[in-house]
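I set out to record what I looked up in this structure, entry by entry. The notes follow the order of my reading.

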Amino acid sequence: MEYLNTIWFILIAVLFIGYFFLEGFDYGVGMLVPFLGKDDTERRVIINSVGTFWDGNEVWLLTAGGAMFAAFPNWYATLFSGFYLALILMLVGLIVRGVAFEFRSKDDNPKWRNFWDWALAVGSFIPALLWGVAFTNIWMGVPIDENMHYVGGFFNLLNPFALIGGLGTLTIFLLHGALFLSIKTEGEIEHRARALAAKLWIPTFIIYILFIVVGYLKTNLFFKFGVNPGIIPIFTVLSLISTYFFIKNGKMGWAFILNGLTIVLTTVTIFMSMYPNVMPSSLNPEWSLTIYNASSSPYTLKIMSIVALIFVPIVLAYQAWTYYIFRKRVSTKSKLTY
C-alpha cells in the first residue's frame, strides 16, 4: 500500500495548487481595494467581484490542512509547531480579512468603511507574503532534529531566500488580482486594473527570476534536475512571459489563465523537487520528514482514499457550478451586497 503515500502527497499538492490559484486573486483583489477604488461605490464593486467566491476558495486551505493532518500527522505536527508564530500571524490576517468582508457594509459611516477597506488590504497582504515565506523555507529545508522537532526560531524563517519567496507570492497574487478585476468588472475599474496589471508584471518577473536563480543555489533543484530542469519549470517561466504578451494585446482572459498557470506550475515544481521529502532537514538529510516516516497507517490512508474518491468530485462540481452561476461582470449598476 506504499503507493497511497505518494497519492496523498500528490493530492495535498493539488489542494494547495487549487488554493493558491483561486485564493491568489482573492488576496490580490483585497490588497487593491483601497488603491483602485476611488470612492465607496467603486470599492464595493471591487469587493463584490470576489464576494461570492472568497469563502469557498478558503475551503481548499482547510481541506489541505485536514488532509495533511490525517495523511501525514508528523509533517503537520512539525510544521505547525515550528512555524507556530508565523502561522498565528497568518491566521490573524485571515480572520481580519473575513471580518472585513462581513462588517464593511454594516454602517454607512465613511470612516467605518475606510477602516475595513484597509483592514481587508492588510488582512490580504499578510497571508500573501507569509505563504511564500513558509513554502520557500519548506522547500529549502529547516532545522529539524532526529526526533522530528523543529529546533530553529522564528527569525530563522526570515532568511533572504524566504523573503524573496514571500515577495514572489505577494507580487504574483497582486498581478493575479488585477487581471481578475480586468475580466470581472466594467468601466473605469476595468481600465485601471488593465493598466496596473501591465505595471505589476515587471517587478513580478524580476522577483520571479531572482527566486529561480537563488533557488538553484539554496535547494536541491540543481542536484535533482541538473542544468535542464525539465519541461514544467521551463513552461513556468514561459507562461509568465506569455502573460505580459496577452496583457499588452488586451487579451486579459488569456493573461489571467497564463498567470494562474504560472502559480500552478511553480507549486508543482516545488512539490516535485521535494518528493519524497515533505519537510527537508537542513541539519541532516537523514532527519528529513518523508512521505513514509511522516505518514499515517496504511489502513488510515486507504479509508481516506475511499472518502476522497467520493466527495472530492462533488466539491469540485459544486464550486465549478458556483463560478458558472456568478460569471457575469460586476459594475456600479449591479446589485452590491458587500
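**Notebook: surface, helix and salt bridges**

I first looked up Ile310, which is partly exposed at a relative accessible area of 48% (buried means under 20%, exposed over 50%, partly exposed in between, with a 1.4 Å probe and protein chains only). Ile310 sits in helix 13 (residues 298-325); helices are DSSP runs of H or I of at least four residues, numbered from the N terminus.

I noted that this is a predicted model, in which local features need pLDDT of at least 70 and side-chain atom pairs pLDDT 80 or more, while totals for chains, interfaces and linings use all residues. Residues are numbered from 1 along each chain as its sequence is written, and side-chain values use heavy atoms, without hydrogens and water.

I then turned to helix 8. Of its 25 residues, 21 are buried, so helix 8 is largely enclosed by the rest of the structure.

I searched for salt bridges (a side-chain nitrogen of Lys or Arg within 4 Å of a carboxyl oxygen of Asp or Glu) and found 11 in the whole structure. Arg97 pairs with Asp26, their closest N and O atoms being 4.0 Å apart. Arg97 lies in helix 6 and Asp26 in helix 1, so the pair ties together parts 71 residues apart in sequence. Both Arg97 and Asp26 are buried.

I also recorded the salt bridge of Glu42 and Arg192, at 2.8 Å from N to O. Glu42 belongs to helix 2 and Arg192 to helix 9, so this pair connects parts 150 residues apart in sequence.

Methods
Helix = DSSP H or I, 4+ residues; strand = E, 2+ residues; numbered from the N terminus.
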